[in-house]
Amino acid sequence: MFPKFLVAFFLFISFNLTFAQKYRTIADISYCKITDTDAYKKERCKLDLYVPTDRKHFSTIVWFHGGGLEEGNKFIPLELKDKGVAVVAVNYRLSPKVKAPGYIEDAAEAVAWAFSNIASYGGDPAKIYVSGHSAGGYLALMVGLDSSYLQKEGINANRIKGLAPISGQTNTHYTIKKERGQSMIIPQIDQYAPISFARKDAPPIVLITGDARLELPARYEENAHLAALLKQVGHAKTSLYQLQGFDHGAVYAPGCLQLLNWIKELEK
């Protein structure tokens, strides 16, 4: 008779083997247009694709890295690996080499790439989510709420299955104000503020931030403001989460787990 701990061990191994999934990563796929000649754009506008190989019709998360629109590089979040979803990790041009709306246009091109190409890897183009942390969350909101960016790429923004910014700015981004020589403290709400484009028919949205006491100044409040305006204009699928005990940097990991739970609920 096996000891109980050995029985438990073999059950654990059996469970993980039964549900083990296979993935592959394809690095540095260019999402530039053939007509693009700018060397910096060709250098930066690449993505990594992390995709299941043993299933079809899976969901896809387009993920934009943070870094204040001034730094950072594409990566596949550990928390999104081995979860049955594909991840499109995107690089985009950075300030000050480009100014607004250059990086927003790059984000829209990357999302359009996902819509045009994910089916060829087995994914379902009807289940594409757009997410990111910090500046990446800002980009996710801009391309999802201001439909003009994706419209230029021949994509209806409402085809996005869901928007899930993690600690994204909903007013005009700090770096855009910096590019203009404006105050980094006083908020601006203009054509580069996601909140300006709150609309009833936007895709489902989950807004995730860290603890209001630990976050960047007014970051939770900005997201709460967007949630309130979306509700006011009649958007019926907005959720807002403040993850207690996590600051701006630390919130991205539990935020990814919250994103996965939200996707499960949407796809029930």
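Which residues does Thr 60 touch, not counting residues up to four places away in sequence? They are Ala 86, Val 88, Ile 118, Lys 127, Ile 128 and Tyr 129, where contact means heavy atoms within 4.5 Å.

Let me state the basis of these values. This is a predicted model, in which local features need pLDDT of at least 70 and side-chain atom pairs count only at pLDDT 80 or more, while totals for chains, interfaces and linings use all residues. Residues are numbered from 1 along each chain as its sequence is written, and side-chain values use heavy atoms, with hydrogens and water left out.

I return to Thr 60. Its place is in strand E3, residues 58-64; helices (H or I, at least four residues) and strands (E, at least two) are DSSP runs, numbered from the N terminus. Thr 60 has a relative accessible area of 0% and is therefore buried. On this scale, buried means under 20% relative accessible area, exposed means over 50%, and partly exposed lies in between, with a 1.4 Å probe and protein chains only.

Next, the sheet. An open sheet is formed by 8 strands, in the order E1-E2-E4-E3-E5-E6-E7-E8, and its pairing is mixed. Why is one side of strand E1 and of strand E8 left without a neighbour in the sheet? E1 (23-30) and E8 (238-243) stand at the edges, and each has a single partner strand. Direction ignored, neighbouring strands of this sheet are turned by 15° against each other on average.

In general, strands of a sheet pair through backbone hydrogen bonds, either parallel or antiparallel. E3 and E5 run parallel and are joined by 6 bridges, with Thr 60 opposite Ile 128 in E5. Ile 128 is also among the residues that Thr 60 touches. E5 in turn runs parallel to E6, with 5 bridges between them, and here Tyr 129 stands opposite Gly 162 in E6.

Is H4 enclosed or open? Because 11 of the 11 residues of H4 are buried, the helix is largely enclosed by the rest of the structure. Among these buried residues are Gly 136, Gly 137 and Gly 144.

Tyr 103, Ile 104, Ala 107, Ala 108 and Val 111 in H3 meet Tyr 138, Leu 139, Met 142 and Val 143 in H4. By class, this contact has 9 nonpolar, no polar and no charged residues. Ala, Val, Leu, Ile, Met, Phe, Trp, Tyr, Cys and Pro count as nonpolar, Asp, Glu, Lys and Arg as charged, and the others, Gly among them, as polar.

My last topic is the aromatic rings. The structure holds 7 aromatic pairs: rings of Phe, Tyr and Trp (its six-membered ring) pair if their centres lie within 6.5 Å, and planes under 30 degrees apart count as stacked, over 60 as edge-to-face and the rest as tilted. Phe 75 and Tyr 252 form an edge-to-face pair, at 6.0 Å centre to centre and 85° between the planes. This pair links distant parts of the chain, 177 residues apart: Phe 75 lies in the loop between E3 and strand E4 (86-90), and Tyr 252 in helix H8 (residues 252-266). Phe 75 is partly exposed at 32%, and Tyr 252 is partly exposed at 21% relative accessibility. Ring pairs also bring in Trp 63, which forms a cluster with Phe 75 and Tyr 252.

Key
Two strands pair if DSSP finds at least two bridges between them. Axes are lines fitted to C-alpha atoms, for helices over the stretch in contact, and angles run from 0 to 180 degrees between N-to-C directions.
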